[in-house]
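Me: Please take me through this one. Start with the pocket, then the ligand.

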Amino acid sequence: MIGGDGIGPEVVAEALKVVRAAGADLEEVPYDLGGARYRRTGDVLPDATLAELREFDAILLGAVGTPGVPPGLIERGLLLRLRFELDLYVNLRPFTGDGLDFVVVRENTEGPYVGEGGVLRKGTPQEVATQGSVNTRMGVERCVRFAFDLAATRPRRHVTLVHKTNVLAYAGDLWQRTFDEVASERAAAGVTTGYDHVDAACIHLVESPARYDVIVTDNLFGDILTDLAGAVTGGIGHAASANLNPARTGPSLFEPVHGSAPDIAGTGRANPVAAIRSAAMMLDFLGEAEAAAHIVRACTATPLSPGASTTEIGDFIAARVTKE
Ligand code: IPM
Ligand code: MN
């Protein structure tokens with residue numbers, strides 16, 4: 001358990017309350033990582049801590065990022081480092097609500113997130129900044145295959161590739177060819193396909209999100225699209241995610257899509273549902289399917305009054321879990 005920064009520890013506490021109520025048999029080990037620790041000790045993720053984390057079955061993370069430390073330092077040094085080093089190559093983000101049921105398979109180890117590039121002549125009028133996007137055949141293919149495997153288990157069996165192939169000619173071409181090859185292999189399994197440019201996908205998510213079943217997309221497009229998808233399916237306070245190592249050569253990491261929201265930290269106004277649903281995804285991945293299903297049902301039960309606090313929502317769902 002990594003509570004992290006801002007509202008992270010508050011929502012993780014509620015998630016664990018619900019996990020315990022669901023009767024899942026877990027051993028919980030808290031890790032103090034994030035902005036507060038960085039300010040105290042100057043380190044973000046010591047190698048020895050990373051080595052310890054590798055030995056767990058799963059990591060539940062609240063949120064990282066805090067004012068007062070250089071922007072992105074904790075995000076890159078903790079969250080992105082875990083994604084890269086643990087090879088969490090799929091970021092799975094499901095969305096449900098009002099006749100909607102779709103899932104975004106976001107590539108999670110490549111694209112513009114790798115930090116390729118640099119700066120020249122910094123601070124001068126001639127300053128040059130480049131930021132590369134790294135796309136490997138292996139990385140794209142394993143992500144696309146995951147999306148097709150997932151689609152084959154869903155009633156609608158439809159996968160949409162979202163990219164910007166009209167402008168990002170090199171990366172787009174690699175994604176499109178890989179997608180088409182996997183699609184033709186899987187046609188016999190009855191999986192159908194579509195393609196949307198990312199800008200058009202934004203309109204569709206707002207106007208007609210029911211068209212989507214499984215979306216597979218690049219790391220940065222997936223980051224942006226899943227905030228939008230959260231907003232159009234009941235709010236970002238509900239959006240859960242799983243950073244998966246599908247090969248299970250190490251732990252996977254589960255976290256809400258939302259950030260650390262320092263502006264409301266400590267006020268009891270954070271919605272813990274996204275963290276609770278992320279914990280349900282964790283239980284499901286760990287083979288505790290029944291406990292996970294109880295939690296998912298409890299989360300969709302009668303909504304609370306809009307003013308309910310973080311702990312009230314946690315208590316409410318924990319009480320429902322045993323009845324579902
Ligand atoms: C997310 C977050 C992260 C990302 C940040 C905190 C680095 O926005 O998980 O969506 O950009 O991937
Ligand atoms: Mn994001």
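Me: What is the lining of the largest pocket by class?
Reply: The lining has 30 nonpolar, 14 polar and 5 charged residues. Asp, Glu, Lys and Arg count as charged, Ala, Val, Leu, Ile, Met, Phe, Trp, Tyr, Cys and Pro as nonpolar, and the others, Gly among them, as polar. This is a predicted model, where local features need pLDDT of at least 70 and side-chain atom pairs pLDDT 80 or more, while lining totals use all residues. Residues are numbered from 1 along each chain, ligands from 1 in the order written, and side-chain values use heavy atoms.

Me: Which element gives the largest share of that lining?
Reply: α10, with 7 residues.

Me: OK, ligand 1. Which residues are around it?
Reply: Glu75, Leu79, Arg83, Arg93, Arg106, Tyr113, Asp223 and Glu255, each with a heavy atom within 4 Å. By class, that shell has 2 nonpolar, no polar and 6 charged residues.

Me: Which helix gives the most to the shell?
Reply: Helix α4, residues 73-85, with 3 residues.

Me: How far is an oxygen atom of ligand 1 from an N or O atom in the side chain of arginine 83?
Reply: 2.7 Å. For the side chain of arginine 106, the distance to a ligand oxygen is 2.7 Å, and for aspartate 223 it is 2.9 Å.

Me: How much of the accessible area of ligand 1 does the protein cover?
Reply: The protein covers 78% of the 320 Å² that ligand 1 has on its own (Shrake-Rupley, 1.4 Å probe).

Conventions
Helices (H or I, at least four residues) and strands (E, at least two) are DSSP runs, numbered from the N terminus. A polar contact is a pair of N or O atoms within 3.5 Å; within protein, one must be able to donate a hydrogen and the other to accept it, and residues adjacent in sequence count only if both atoms are side-chain atoms.
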